[in-house]
Amino acid sequence: VDGPKTRNGLASFLRSRGLTDDIVNAPNFFEAMVTGVQAPSANGLTWCNDTSYKVMASVATDDGKGAVIARGWYRIEPGKCLRPDVTGQPRQLLSFAEAVDDTGRAIRLGDKPLNWGGPRTLCTRESKFEIREHSDCAARGLTASGYGTVDMSGGGKTLRFAMP
């Protein structure tokens, strides 16, 4: 829908990907947009899946004032990259991802799931989610997942999910 918000959003997208305004009229415009989304970002978070499995990922933002919002799931196909939606100016970004099979079950290597994260426990669920409360996940029917802090100093950051 054409309007000021659409035009501003498109202009912001083009600037953030280093694309010029004339790409909008090019016959391969949508292809260029998809390529732009999949390319690593110079000033944001990018996930790249270097495995042969589908990876489902979640990003969390911490505003430094006690509000932590976790969002998921972002599907990253093997050999592809993706930038999660991160709005505002969060004080900290956190990331969790896991490799899954075609039915959505976690891939296991031996007795451990193939995932990438860290020590910070936040709640997730199997279906798409946005969760703001992260205490007592299990009692609320949620899963406690270990998120890792993403060091965003110096601009953008690309996290590569690879086999151990």
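Me: Which residue in S3 is the bridge partner of Ser58?
Reply: Gly72 is the bridge partner of Ser58 there. Keep in mind that this is a predicted model.

Me: How many bridges join S2 to S3, and do they run parallel or antiparallel?
Reply: Eight bridges, and the strands run antiparallel. S2 covers residues 54-62, and S3 covers residues 68-76.

Me: What about the hairpin of S2 and S3, how many residues sit between the strands?
Reply: Five. Among them is Gly64, which takes a positive phi near 80°.

Me: Why would you call S3 largely enclosed?
Reply: Seven of its nine residues are buried, so the rest of the structure largely encloses S3.

Me: OK, rings now. How many aromatic pairs are there?
Reply: The count comes to six. One of them is Trp73 with Phe129: the ring centres are 5.3 Å apart and the planes sit at 80°, so that pair is edge-to-face.

Me: Where do Trp73 and Phe129 lie?
Reply: Trp73 is in strand S3 and Phe129 is in strand S10, so the pair ties together parts that are 56 residues apart in sequence.

Me: Are those two buried or exposed?
Reply: Trp73 is buried, and Phe129 is buried too.

Me: And what about the rings of Trp116 and Phe161, how far apart are their centres?
Reply: 5.0 Å, with the planes at 35°, so the pair counts as tilted. Trp116 comes from strand S8 (residues 115-116) and Phe161 from strand S12, 45 residues apart, so this pair links distant parts of the chain. Both Trp116 and Phe161 are buried.

Me: Which residues do ring pairs link into a cluster?
Reply: Trp47, Tyr74, Trp116 and Phe161.

Me: How many bridges join S1 to S4?
Reply: Two, and these strands run antiparallel. S1 spans residues 45-49.

Me: Last one: which residue in S4 does Cys48 stand opposite?
Reply: Cys81.

Methods: Residues numbered from 1 in each chain as written. Predicted model: local features only at pLDDT ≥ 70, side-chain atom pairs only at ≥ 80, totals over all residues. Heavy atoms only, no water. Pairing = 2+ DSSP bridges. Helix = DSSP H or I, 4+ residues; strand = E, 2+ residues; numbered from the N terminus. Buried < 20%, exposed > 50% of the residue type's maximum accessible area, 1.4 Å probe, protein only. Phe/Tyr/Trp six-rings, centres within 6.5 Å; stacked < 30°, edge-to-face > 60°.
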